[in-house]
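Trainee: Could we go through this model together, one question at a time, so that I can learn how each answer is reached?

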Amino acid sequence: MSEQLSPIQVLIVDDVPSNLFTLRALLEEHFEEIEIVEANSGIEALEVLMREPVDLIILDIQMPEMDGFQTAKLIRSRKKTKNIPIVFLTAAYKSEEFKEKGFSLGATDYLTKPIDDYQLTSRINAYLSIIKLEKSHKSELERRVEERTSELKKALSQIKETNFKLETTLSKLKNAQKQVIAQEKLASLGELTAGIAHEIKNPLNFIINFSELSKEMIVELNDTFANVGKDIVEGSLKDITPDDVEDIKDILQNLNENSEKIHEHGKRADSIINNMLMHSQDRKGVYQETHINTMLQEYISLAYHSTINNYKGFAAKIDTNLDAKVESIKIIPQDLGRVFLNVVSNSLYALYNKKRKLGDSFEPMLNVKTINHEDNIEIVFRDNGTGISQEMMDKIFNPFFTTKPAGEGTGLGLSICYDIVRNIHKGEIQVDSKEGEYTDFSIFLPKHVETEENEENENVGYQK
């Protein structure tokens with residue numbers, strides 16, 4: 001913005017042309033920085049004020065159609081012109097009464113004719129000084145506003161650029177988080193798969209071994225019957241000894257026992273598969289009546305077999321003290337199963353690390369118990385492993401925080417457990433630990449959770 005101020009416009013109003021001429025000449029002689037605009041009547045003055053940025057008005061009072069008092073009143077009544085200084089200049093209205101009226105209508109000054117050049121120029125010079133100061137102040141304010149506006153626009157542009165970068169970064173983080181969560185789910189799936197494979201391998205080995213043994217017995221039985229048949233054909237039944245009969249009976253009895261074992265272990269494998277399918281089937285968010293003790297035993301076994309499969313030669317003692325009063329409650333099995341699997345796996349990992357450090361002098365132990373309370377079920381996992389420091393305990397439920405070495409943990413396991421227990425099942429998960437000695441994880445599951453399914457059932461019952 002230019003530092004040069006705009007010219008000061010002075011409106012002179014008089015119905016006598018000679019008065020306008022004299023006043024213009026006087027002003028132009030003493031003030032070079034002003035621009036003069038003329039009006040021959042009050043109406044014309046109002047028209048000028050509507051289109052020109054006038055800074056000072058010198059107004060005659062005695063005019064036809066609309067006198068100066070009426071003109072001043074209208075000038076003061078309009079928002080655009082109400083603050084423009086008005087100097088009354090009159091030859092007819094010299095009394096104090098008119099002066100008071102002029103000032104009451106908003107006049108800045110009240111001068112009488114004949115004009116005293118010095119008095120008029122002095123007064124106008126004072127007003128012009130004030131107007132210059134106001135213009136200068138206004139110009140400075142406009143300059144500062146312009147500068148500030150420019151700074152704000154620049155800052156806004158930077159903020160928009162920063163926001164765009166943050167949104168881009170956030171989008172990348174969300175994608176990365178989705179990938180990490182997917183990896184965490186795959187890790188859980190891997191643990192489940194390893195556990196299931198180990199669980200099923202035992203009954204399958206029994207089935208295979210007993211079926212092979214049965215095949216051998218069938219061959220032996222066929223040989224025995226072949227000899228008996230030969231004796232019958234040759235008419236030498238007397239050659240069939242009681243030992244032959246006993247052998248046949250033993251073989252048949254063993255075949256029967258093997259068949260029962262095959263059937264028993266086949267059903268066990270089938271049960272394991274059916275239970276895992278039930279817990280892992282894609283029924284997201286669906287609450288199912290589930291017996292916590294039974295489910296807990298299954299996932300303890302899965303986690304343990306997965307651990308010993310990963311860490312060859314490692315073994316731990318697992319004691320379970322499951323309250324018989326604990327009944328089935330509504331949970332989301334596949335979600336809560338991940339919690340059990342994660343907590344048990346973490347405990348076994350801590351036991352494994354401590355065993356590596358202390359060797360045969362340390363006996364790894366994990367105690368799991370359930371407690372039936374009036375409103376909830378408490379599940380406690382206590383291990384005598386490496387423990388957790390107080391500093392780390394404050395962070396273990398934070399996303400991406402892990403105490404495991406790089407590549408061995410995503411830092412999402414306990415964060416997801418916390419979300420499943422607290423936000424999905426409306427329960428509590430707490431941790432207590434002493435570094436180097438033990439770690440306790442306590443999970444509290446309410447016996448009744450308000451779910452959409454419950455609400456729908458209640459509404460149906462109410463309508464009935």
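This is a predicted model: local features need pLDDT of at least 70, side-chain atom pairs count only at pLDDT 80 or more; totals for chains, interfaces and linings use all residues.

Trainee: Is Tyr93 buried, partly exposed or exposed?

Mentor: A residue counts as buried under 20% relative accessible area and as exposed over 50%, with partly exposed in between. Tyr93 has a relative accessible area of 22%, so the word for it is partly exposed.

Trainee: Which residues does Tyr93 touch, not counting residues up to four places away in sequence?

Mentor: One of them is Thr112, which is 19 residues from Tyr93 along the chain, although their C-alpha atoms are separated by 7.7 Å. With residues up to four places away set aside, the residues that Tyr93 touches are Ile61, Gln62, Phe98, Tyr110 and Thr112.

Trainee: What kind of aromatic pair do Tyr93 and Phe98 form?

Mentor: A search of the whole structure finds 10 aromatic pairs. For Tyr93 and Phe98, the ring centres are 4.6 Å apart and the planes stand at 80°. Planes over 60 degrees apart count as edge-to-face, and therefore this pair is edge-to-face.

Trainee: How many residues apart in sequence are the parts tied together by Tyr311 and Tyr349?

Mentor: Their rings form a tilted pair, 6.4 Å centre to centre with 55° between the planes. Tyr311 lies in the loop between α7 and β7, while Tyr349 lies in helix α8, so the pair ties together parts whose separation in sequence is 38 residues.

Trainee: Why can we say that the buried residues of α3 line one face of the helix?

Mentor: The buried residues in α3, which spans residues 68-77, are Gly68, Phe69, Thr71, Ala72 and Ile75. Seen down the axis of α3, they line one face because they fall within an arc of 160°.

Trainee: Which exposed residues does the face of α3 turned away from its buried side carry?

Mentor: The buried residues of α3 pack against α2, β3, β4, α4 and β5. On the face turned away from that buried side, the exposed residues are Lys73 and Ser77.

Trainee: Which residue caps the N-terminal end of α3?

Mentor: Here we look at the backbone nitrogen of Phe69, which has a side-chain oxygen 3.1 Å away. That oxygen belongs to the residue that caps this end of the helix, Asp67.

Conventions
Residues are numbered from 1 along each chain as its sequence is written. Side-chain values use heavy atoms; hydrogens and water are left out. Buried means under 20% relative accessible area, exposed over 50%, partly exposed in between (1.4 Å probe, protein chains only). Contact means heavy atoms within 4.5 Å. Rings of Phe, Tyr and Trp (its six-membered ring) pair if their centres lie within 6.5 Å; planes under 30 degrees apart count as stacked, over 60 as edge-to-face and the rest as tilted. Helices (H or I, at least four residues) and strands (E, at least two) are DSSP runs, numbered from the N terminus. The arc is that of the directions from the helix axis to the C-beta atoms. A polar contact is a pair of N or O atoms within 3.5 Å; within protein, one must be able to donate a hydrogen and the other to accept it, and residues adjacent in sequence count only if both atoms are side-chain atoms.
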